[in-house]
Amino acid sequence: MIITFLGTGTSQGVPVIGCDCPVCSSEDPRDKRLRTSVMLQINQKTIVVDTGPDFRYQMLRAKVKSLDAILLTHEHKDHIAGLDDVRAFNYRQQRAMDVYARPQVQEALKREFYYAFSEKKYPGVPLINLHDIGISRFSIAGADIVPIEVMHYRLPVLGFRIGEFTYITDAKTIEPKEIEKIKGTKVLVINALQRGHHISHFTLDEAISFAQEIKAEKTFFTHISHNLGRHQDVNRELPEGIELAYDGLTLELSHNL
């Protein structure tokens with residue numbers, strides 16, 4: 001399994017429009033963060049988790065030629081707004097795109113992209129094949145996927161565990177029964193928005209505490225805002241085995257899926 005971080009920024013991305021703080025004005029490419037998304041290449045298949053506003057550019061930047069499926073964590077715009085751009089893959093692959101999402105996320109898609117789900121479709125609209133998922137295990141590309149429910153303030157969000165890799169974004173609280181699903185993970189990805197309190201996201205300290213509870217061999221933080229600090233500065237503070245992810249970071253895991 002090859003994991004590519006397509007985006008590691010929060011809903012506004014980094015740099016933020018009009019901001020000239022030290023992070024937004026940094027020349028370090030690791031401080032340039034598109035909206036959060038990750039790509040998984042498993043068994044010669046390619047899966048993307050979330051299609052935010054930067055989806056088109058992320059596909060171009062990563063030189064993605066084919067895409068087999070999309071997993072959606074939740075319905076916020078920074079995680080679904082780019083779905084229209086599956087049209088390019090529809091055309092190249094001559095089929096609808098398989099999109100896996102919970103029913104409430106599907107309802108949001110039908111509102112936001114109503115033209116893709118109308119009875120009489122305009123030529124060239126996105127072709128989307130929706131698949132219901134919940135908190136039960138399911139399979140894509142021969143890989144078992146274990147959904148993990150976390151709470152984004154009052155909104156349920158799904159993380160996903162595939163083999164010994166777990167990806168979670170937009171978490172503020174996680175119930176003990178869901179934490180049990182994560183334990184034993186060798187590589188953990190979890191959100192760490194900023195240093196100060198936030199109503200719906202882990203802070204840096206909360207993310208560190210959670211990582212130390214899980215005890216993965218390696219933990220990467222994502223969904224990062226400009227308020228967290230510059231990549232190189234924050235990385236120096238982090239405990240051993242914990243790092244900030246950055247756009248373009250690639251990991252290769254050889255796990256039983």
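## Exercises on a predicted model

The side chain of Asp247 reaches the backbone nitrogen of Leu34 at 2.8 Å. The structure is a predicted model, in which local features need pLDDT of at least 70 and side-chain atom pairs count only at pLDDT 80 or more, while totals for chains, interfaces and linings use all residues. Residues are numbered from 1 along each chain as its sequence is written, and side-chain values use heavy atoms, with hydrogens and water left out.

**Exercise 1.** Find where Asp247 is located, decide whether Asp247 is buried or exposed, and state which side chain makes a polar contact with the side chain of Asp247.

*Solution.* Begin with the position: Asp247 lies in the loop that runs between strand E13 (242-244) and strand E14 (250-252), where strands are DSSP runs of E with at least two residues, helices are runs of H or I with at least four, and both are numbered from the N terminus. Next, take the relative accessible area of Asp247, which is 12%; buried means under 20%, exposed over 50% and partly exposed in between, with a 1.4 Å probe and protein chains only, so Asp247 is buried. Then look at the side chain of Asp247, which makes a polar contact with the side chain of Arg61 at 3.2 Å. A polar contact is a pair of N or O atoms within 3.5 Å; within protein, one must be able to donate a hydrogen and the other to accept it, and residues adjacent in sequence count only if both atoms are side-chain atoms. Finally, with neighbours within four places in sequence left aside, the residues in contact with Asp247 (heavy atoms within 4.5 Å) include Phe5, Gly7, Lys32 and Leu34.

**Exercise 2.** Work out which strands pair with E5 and how many residues of E5 are buried.

*Solution.* Two strands pair if DSSP finds at least two bridges between them. Strand E4 (residues 69-71) pairs with E5 in the parallel sense over 3 bridges, and here Ile70 stands opposite Val99. Because 5 of the 5 residues of E5 (residues 97-101) are buried, the strand is largely enclosed by the rest of the structure.

**Exercise 3.** State how many helices and strands the protein has and what share of its residues is buried.

*Solution.* The count gives 8 helices and 14 strands, and buried residues make up 54% of the 257 residues.
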